[in-house]
Each structure stands twice: as structure tokens, then as C-alpha cells.
Amino acid sequence: MTELTFREIEGRSISYWAWLGVLGVFALAGMGSFAYIEFAGHGVTGMTNQFVWCLGHVISIFMILSGVGAFVIAAAGTVFNRSVYKPLAPLAGLIAVALLMGGLAVTGFDLGRPDRLTLAMTNVNLTSTLSSNIMRYQGFIGLVLIYLWLLMDWRYARWMKPVAIIAFLWSLSVSTGVGLEFAFLVAREAYDAAVMAPLMVASSFMYGTAVVLLVVSVAFRVLGRPLGEKIINRLKRLLALFVAVGAYMVFVHYLTMLYGAEHRDMVAFLLVHGGAVTLTFWIGQVLCGLVLPLILFYAPAFSRSEPAILTGAALVLIGGLAHMYVVLIGGQAFPLDLFPGFAASSSFGDGAIGSFQPTLVEMLFAALSIPIAGILVSLGIKFFRFLPESLADEVVDPHHKTA
Amino acid sequence: MSDQARAAGEGVSRRRLLTGAATLATTMIAADLLLVAPAAARAPGEAASAKNRWGLLIDLAKVDAKVCDACVAACQKENGWTSHGNTHDPQWMRRIDLKDNASGRQVTLPMMCQHCANPPCVDVCPTTASFKRPDGIVLVDRHLCIGCRYCMMACPYKARSFVFHAVEGQMYHAPRGKGTVEACTLCVHRIDAGRDPVCVETANALKPGAMMFGDLNDKASAISRKVSQAAVTRVRRDLGLEPGVLYQGL
């Protein structure tokens, strides 16, 4: 077995700076959009009194879930003694923090009064899931940073496992908390279900693993560091399992909603005649996010092909964005049923299906979380020893036998 | 007083007595119909008390589109908000037209914050900006609201609005601000001064008895007596939120 060593990237190449430049342009566009929205008011976005959580929430919740899920890979080696994932622990930890910070930045900037964000930390409401989630996010970032430090400082190695276990359990509470944010909305037919919590946990595993798989593969190819197929295949198998569990959760969610007659109109809207929402569900969430990845990961014709695996991982992420869109936009498009048994109408959209029309400035703003996370990861691997020098099969697997 | 004068006086007083009795009866019936139970003004500095539970009773037999629209207009004028039907405009109060899917019966009613005893907006607010006064009035502290809109997601009545643009012409008693969430205050400034909410005043001026305001905790109050006798309902009663706004004839 070759010894596992970690090394910073040089980060002086033109392509590295060009990559940072591209991310910087998107980040500037996002910050400019934020400033414009802040100055002009949220009226310049697609948000209305019907759609109160829009694209900013679609992407930021997706990023938060992805970050939490990425930590599974970071913790797998330490918590579950899966040594094959140990070389990925520092990078996956960095990705977890970066994705979470990207998502949280947009969540914070999307507030009507972002200048008052600190009030959410000084005026805590213990009955608010959002309030407790803010504490969960901060705790998660803190625990992951401690874990990253322990990974690099072997003087305190004995603390690594306890910290990893606490951080892993904490990560589950974060994704559960995101699910509960929706599940506790008792009057919203699309959300009021306990399954929202495990659905978000399963989704986070899916998205996080897909991000780690893509980053590892692209980074090692671009940097020219050795990357064996063993680690890619292990990540693929894990991701395929998470996708299968995620698909099951989505199925159960809709099945339970369909069973009660009171929800049938809402489910029919989402699945049959919801226009863009229905298309996003079937094409984006189900086909791209669940069916095609499972085919690519399990069908013998594709399952050993790295391009097919990477395509599957990318599709999982597209499906994840579609999932968040259906949950947030679809769930709000369907009107609240204040008077069951009555047809309602008003000048405030009662009884009417809402139409969400995002604006360009909103899209640029919502996308801000991606360059933020990208810049953090890119700078992280330049200044810290997060990346293994090699992920060749003999490095990853102590029992590997060369032919 | 001479016997003649007494006799004349007795004749007059009998007539006056009958007239007076009729006037008194009419006044009492009218008062009962108006169902106005003015709240006692609180002294400056005196805190709102849990002894009171302010509530509204809306009689849908007397409320029609005209009454609803007049209430909405009065609320706008009283609290300084305007709406042109734009999806970005606030609506502290709105008119909802209902049609029974089975029978075709049509009903019109005003909808606003229901001032729940167990308000979900208060439960979900991450900064305690949404709060319930001891007397049951649910409000938003504009200095604490960060504009996260979670309360709008949680409210089953779509009773809250977000302020999308800078506001002008604010009322001293109803502060508003871009980027924060707002809703019906039950005209808390009027209640604290011992007056009825403006919608109640407006509705009753058009249709006496259309809306009743009072203390649901006071079993002797007109609203409590009416609630104990008439078939009243709370919107989405199944959610267990115990709204302070009740509807009769839904």
C-alpha cells in the first residue's frame, strides 16, 4: 500500500485563476443583484404575497442539504470505520462547510431586513424551527471545523471519533430540521407530513454524495493527480443506494398524500395539471434525479463507465434542484384551503392557482450561493492540505492487489 | 299642585310614559342589534391583561360585498395601507366570495388576521417579532421583524402581507416598513383607547349588528352571550388554533 499524504494545490496556474475569475464574476453579479433587491425591495423579484419563499430558498435549501449530506463522506471513515473514505474526509468536510455557507449566505441576504440578521441570534424563539435551525447550522459548521482540525492534527487523534460521531448526529438533526421547517406548516397541504423530515435526510445524502463524487473526479483529473476507479465506484454504489432510498421516500410521500381525499386536488395539481411544476416534477425530479441515475449506476452497460457515473451524479443534482422547486414553488402555487367544500375567490389569490414568474435579478441572486461555495473550496484546497496526493486504488484500498 | 293640574299632569305623563317606554324599548333593541360593547380604555402605562380576550363575531346574514368593501376601505384609511389588487400590495383585510360546491349557496365575508389563541405565526417566528398580547391580540413588532416570511408560510388564513416597496403616509399608530411583514392589528390603538375596531364601526353603520366586538372572557358581554346562543364557527377550526374571530351563518 502506498502511504496516504495530503498536499495543497499550487494554485498558480492560469486555469486556476481563470476558474476563480469565473466564480468571482458570478459572485459579483449575485452581490450586485442582492444590493439591487435590497435597494428596490423584493418587488423586483418573482416573489409575491402568494410565493413568499422563491428561488433564493430553492437553491439555498438545496445547498444546505448538499452540505449536510457531504459530511456523510467526511465522517464515514471515522464513524463507520469505512477506511476507503478516509482519504476523502478533509475534502468532504471542506465541501460540507462551503456548501452550507453558500446556502446560508443567500438565506440571510434574502431576508426582508438582512441588516437585522443578528436578531435571530439574540432573540431566540425556542418554538421556532427556523430559530433552532440557525443554531443547528452554526453548531454544524463549528463541529465540522473542529473535525477538520483534528483530521490534520494527530496530537488529539483520540478526540477524532467522538467529535465525528457528534458531528454526524448533528448533521442528521440539521437535515431533519430542514424537513421539519416544512412539516410543521400544518395548513399547507403539500408540506404537512412527518415524512418531510426523513425525505430531506435522504435527499441530503443524495445531493452531498453526488457533489463529493463530482468534485473529486473533476479536481483530480484537472490537477493530474492519480484517481483509481475503486474510490469512484465506491462513491457510485453509495450514491446509488441513497438515490434508491430517496426515490422510495418521494413515492411514500405522494402515496400518503393521495390516500386522503382532502389532498387529492393538490396532488393532482402537482402531478397532472400543474404546468411547469408538473413538468419539473416528472422530467426534473423523477426522470433526471431518480430514474436515469439509477439506470446509469446499476445497468451493466454504464455502471463501470466513469463518464456515465459522473453524468448520473450531475443528474442527481439537477433532480435535486427540481425537487426543491417542486416542493417550494409547487407547494405555494396551490392555494390554501380556508373553506373546505367551498369555491373561494378574492383579490388576494384565494382559491386560485398561483403563477410564479422569476426575474433575472432573482436568478442571479439565488445562484450566488454556488460561486461562494466554489470559491471557498477552491481557496481551501490551495491553502490547506485537504486533497490527497493520490487516490489510486492502492492508496484507497489496503488490500488492493495489482495485476 | 292642584288636583286639576295633577289630573292634567297624569294625563300627560301617561302619554309621555308610553312614548318614553317605546323609545326606550327601541333604543334597547337597537343597542342589542348594534351589539356594540365598547371596551374600557386602559390607563396610560397599564399593561394589557389576560383577563380580556378580545374577539370579533361576524354575522354573515348581514354582511355582503358592500359591507366587506367598506370595511376594507375603512381599514386602509385607518391604518395607512393601500391595495390596487397587485400581487405585491398588502391586504390587511380582504373580501372573500364563497360558493358552496354542493348547494351553490353564496356567501361573502371579510377575512383578516384571526388573532388565534395558538397562533402558528408566533410559534414559527425566529426572532419573537410575532407575538400575542395577553389579551389575545396578535401583532408584529416591526423593530424585530427580519422579513424571513416564515409566518406567512405558517398562517393558515393568508392573513399576512410582506412590504415590497418603501412606504409613505404611515400612520403614527400603525408603523410599517419595507422588508417586514404586517397584518391586521385588530385596531389595537382604538381598543386601547376604549373604542371598537374601525371595521366593526363601519360595518355596523351600514348594517346594524353585522359585526360585534367584545371580550370573549367576559361571560356577561354581548359577544359572549351571542356566541353562547348562536351557531358560530371558526375558520379551519380543525387546526385547533382557537381564532378570536368568529363567523355566524357560514
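Student: What should I know about the model before I start reading it?

Tutor: The model is predicted, so local features need pLDDT of at least 70 and side-chain atom pairs count only at pLDDT 80 or more, while totals for chains, interfaces and linings use all residues. Residues are numbered from 1 along each chain as its sequence is written, chains are lettered from A in the order in which they are written, and side-chain values use heavy atoms, with hydrogens and water left out.

Student: How many residues of chain B are in contact with chain A?

Tutor: Contact means heavy atoms within 4.5 Å. Here 52 residues of chain B are in contact with 53 residues of chain A.

Student: What is the area buried between chain B and chain A?

Tutor: Buried area is the accessible area, taken with a 1.4 Å probe, that two parts lose on being put together, summed over both. Between chain B and chain A about 4400 Å² is buried, and carbon and sulfur atoms give 58% of this. On the side of chain B, the residues that lose the most area to chain A are Tyr150(B), Met153(B) and Lys158(B), which together account for 19% of what that side buries.

Student: How many salt bridges does the rule find across the interface of chain B and chain A?

Tutor: A salt bridge is a side-chain nitrogen of Lys or Arg within 4 Å of a carboxyl oxygen of Asp or Glu. The rule finds two across this interface, and Arg94(B) forms a salt bridge with Asp350(A) in which the closest N and O atoms are 2.6 Å apart.

Student: Which element gives the largest share of the side of chain B that touches chain A?

Tutor: Elements are DSSP runs numbered from the N terminus, helices being H or I with at least four residues and strands being E with at least two. The largest share, seven residues, comes from β2(B). The residues of that side of chain B divide into 25 nonpolar, 13 polar and 14 charged, where Ala, Val, Leu, Ile, Met, Phe, Trp, Tyr, Cys and Pro count as nonpolar, Asp, Glu, Lys and Arg as charged, and the others, Gly among them, as polar.

Student: In which sense do strand β1 of chain A and β2(B) pair?

Tutor: Two strands pair if DSSP finds at least two bridges between them. Strand β1 of chain A, residues 342-345, pairs with β2(B) in the antiparallel sense over four bridges, and Phe342(A) stands opposite Asp100(B) in β2(B).

Student: Which parts of chain A does the salt bridge of Glu306(A) and Arg221(A) tie together?

Tutor: The closest N and O atoms of Glu306(A) and Arg221(A) are 2.6 Å apart.

Student: Is Arg190(B) buried or exposed?

Tutor: Buried means under 20% relative accessible area, exposed means over 50%, and partly exposed lies in between, with a 1.4 Å probe and protein chains only. Arg190(B) is buried because its relative accessible area is 3%, whereas Glu201(B), at 43%, counts as partly exposed. Glu201(B) and Arg190(B) form a salt bridge, with their closest N and O atoms 2.6 Å apart.
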